[in-house]
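Here are my notes for a first look at this model. Have it open beside you and follow the points in turn.

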Amino acid sequence: SSRHRRHAFDTIPLFPTMLARMTPTVRRRGATTGRVVSPPLPPSLSNLTSIGPPSLARLLSSAAEIKKNSQSYIDVPSVSVDAKGDSVFGSLRIPLDQPKGGIGLLSKLISGTGVMFRLTPGTYNFDWHLAPRRQFIVNLDAAVKVTVSNGESKVLEKGDVFFVEDVSGKGHFSQAVDAKPRHSLFIPVDDVSLRTLGAQAINSNGFPAQGTTAMALDSVDRPKAYVFDLYGTLLDFNAVDAGKELFGENDWHALSQTWRTKQLQYSWLRELARGQDAFVEFKQITMDSLEYALEAHNQSLTETEKQRLFKDYSEMKAFPEVEDVLNQIKDEGSKSVALSNGTRGMIVAALKANGLLHLLEDLITIDDTKCYKVDPKMYQSCVDTLQIPCEHMAFVSANCWDACAAARFGFAFPFWINRGNLPADRLPGSDRLKQGKCLKDIL
């Protein structure tokens with residue numbers, strides 16, 4: 001029908017072809033001769049191999065389309081965002097190289113964070129929303145109609161692969177076609193991998209796009225916003241006067257290290273134990289880890305002393321350079337926000353005690369996310385709150401694992417404040433970290 005008419009950037013039914021090729025061949029011996037046959041696909045998948053127009057292999061097989069020793073490309077339909085914040089249709093142009101061995105053209109490997117399957121009902125009618133992350137979407141068995149903010153609509157058919165990257169701006173509208181339920185596949189991509197892929201954003205007229213996030217990946221000189229971890233990064237958890245008075249400076253330093261380590265471990269373990277009512281407020285985690293640290297160091301406190309220590313801990317002093325750094329960022333026209341596992345009440349108290357609250361654009365806490373680092377939702381909340389793509393933001397943490405997770409998520413400027421001159425964690429993203437010994441090194 002006319003509303004199913006394809007547009008200038010006909011989509012590529014890549015996944016069904018890949019699926020058929022990925023099915024392993026087995027050798028079966030016939031009555032008289034040996035022959036190689038492919039086992040049949042399951043019924044739910046066998047229909048996919050005949051979906052849509054010619055397969056990718058057919059599109060690329062013509063010698064006329066592939067120059068000798070050349071580099072070709074695939075245009076994957078996309079929903080992006082322009083410099084004005086409008087969502088727009090276009091495509092992501094992915095270069096293909098001709099490897100040795102005559103196996104066809106291949107792109108570089110695009111790293112991802114996992115794969116998700118999804119079922120949407122025939123009543124699917126999802127109002128204006130942002131893409132939660134940059135990801136390829138494969139329609140397995142039905143179409144979806146997508147509308148962008150200028151009112152333009154396109155129907156993406158079953159078997160189509162498309163790319164969504166409007167993680168900021170006005171978002172897009174999605175709805176079912178012909179009241180059919182739809183199975184689809186989400187393939188989130190690593191922004192770092194996308195950046196090194198050499199992909200190019202193309203507008204709907206086939207020209208390089210201006211202002212889209214894919215084009216902006218390599219054009220950011222300075223961050224538009226800085227996301228700061230709080231404890232250990234802006235605030236010095238060793239600088240708690242009550243701890244020094246109660247235990248003495250040396251004993252307090254050792255106990256505070258155990259307290260902090262256990263506090264982090266408990267937040268990680270409770271995050272891993274999701275679905276078992278494991279989530280509690282950070283105050284409870286802080287008190288539980290204090291009890292552990294006291295027992296581990298053969299120390300004890302009265303309830304009054306514990307409350308005094310917790311109050312001082314909640315208002316711990318900032319590192320001496322913090323105010324100057326936040327003021328300089330503000331003077332340069334960039335924004336600063338704090339992202340913390342702490343509750344809003346704890347964070348506000350600490351920042352007010354140090355006279356820093358007015359220098360931060362916003363606070364993002366577990367009150368908002370209901371999860372702990374390193375859940376990707378914590379880092380996505382920065383994009384959602386500031387409406388700035390992570391490729392335009394710096395992430396600053398004194399915890400190497402935290403900075404690695406932010407780098408892996410796609411922050412263009414991941415900083416690790418390595419105050420203790422420690423070795424880097426052996427984690428994905430560590431190769432992208434920029435190191436400094438204090439916050440002044442990030443400027």
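## Notes on the model

1. Let's start with Val383, which is found in helix α13; helices here are DSSP runs of H or I of at least four residues, strands are runs of E of at least two, and both are numbered from the N terminus. Val383 is buried, at 2% relative accessible area; buried means under 20%, exposed over 50% and partly exposed in between, with a 1.4 Å probe and protein chains only. Leaving out residues up to four places away in sequence, Val383 touches Val167, Ile388, Cys390, Met393 and Phe409, where contact means heavy atoms within 4.5 Å. The C-alpha atoms of Val383 and Ser168 are 7.2 Å apart, although 215 residues separate the two along the chain.

2. Some ground rules before going on. This is a predicted model, so to speak of local features we need pLDDT of at least 70, and side-chain atom pairs count only at pLDDT 80 or more, while totals for chains, interfaces and linings use all residues. Residues are numbered from 1 along each chain as its sequence is written, and side-chain values use heavy atoms, with hydrogens and water left out.

3. Back to α13 (residues 376-386): its axis and that of helix α14 (residues 400-409) come within 10 Å and cross at roughly 65°. The axes are lines fitted to C-alpha atoms, for helices over the stretch in contact, and angles run from 0 to 180 degrees between N-to-C directions. The crossing of α13 and α14 is right-handed; that label applies if the near helix is turned clockwise from the far one by less than a right angle, and left-handed if anticlockwise. Pro376, Tyr379, Gln380 and Val383 make the contact from α13, and Asp402, Ala405, Ala406 and Phe409 make it from α14.

4. Where is Met316 found? Look in the loop between α9 (303-314) and α10 (322-331). Met316 counts as buried because its relative accessible area is 0%. Apart from neighbours within four places in sequence, Met316 is in contact with Tyr231, Leu235, Asp236, Phe237, Ala239, Val240 and Asn354. For Met316 and Tyr231, 85 residues apart along the chain, the C-alpha separation is 8.9 Å.

5. Tyr231 turns up again among the rings: ring pairs link Tyr231, Phe247, Trp252, Trp259, Phe282, Tyr313 and Tyr372 into a cluster. Rings of Phe, Tyr and Trp (its six-membered ring) pair if their centres lie within 6.5 Å; planes under 30 degrees apart count as stacked, over 60 as edge-to-face and the rest as tilted. The count comes to 15 aromatic pairs. One of them is Phe247 with Trp252, stacked at 6.2 Å centre to centre with 10° between the planes. Trp252 also pairs edge-to-face with Trp259, at 6.2 Å and 75°. Phe247 is buried at 9% relative accessibility, Trp252 at 1% and Trp259 at 0%.

6. Finally, Ser87 sits in strand β4 (residues 87-97). Is Ser87 buried or exposed? With a relative accessible area of 1%, Ser87 is buried. Its side chain reaches the backbone nitrogen of Ser149 at 2.8 Å and the backbone oxygen of Gly171 at 2.7 Å. Beyond four places in sequence, Ser87 touches several residues, including Val79, Val148 and Asp166.

Key:
A polar contact is a pair of N or O atoms within 3.5 Å; within protein, one must be able to donate a hydrogen and the other to accept it, and residues adjacent in sequence count only if both atoms are side-chain atoms.
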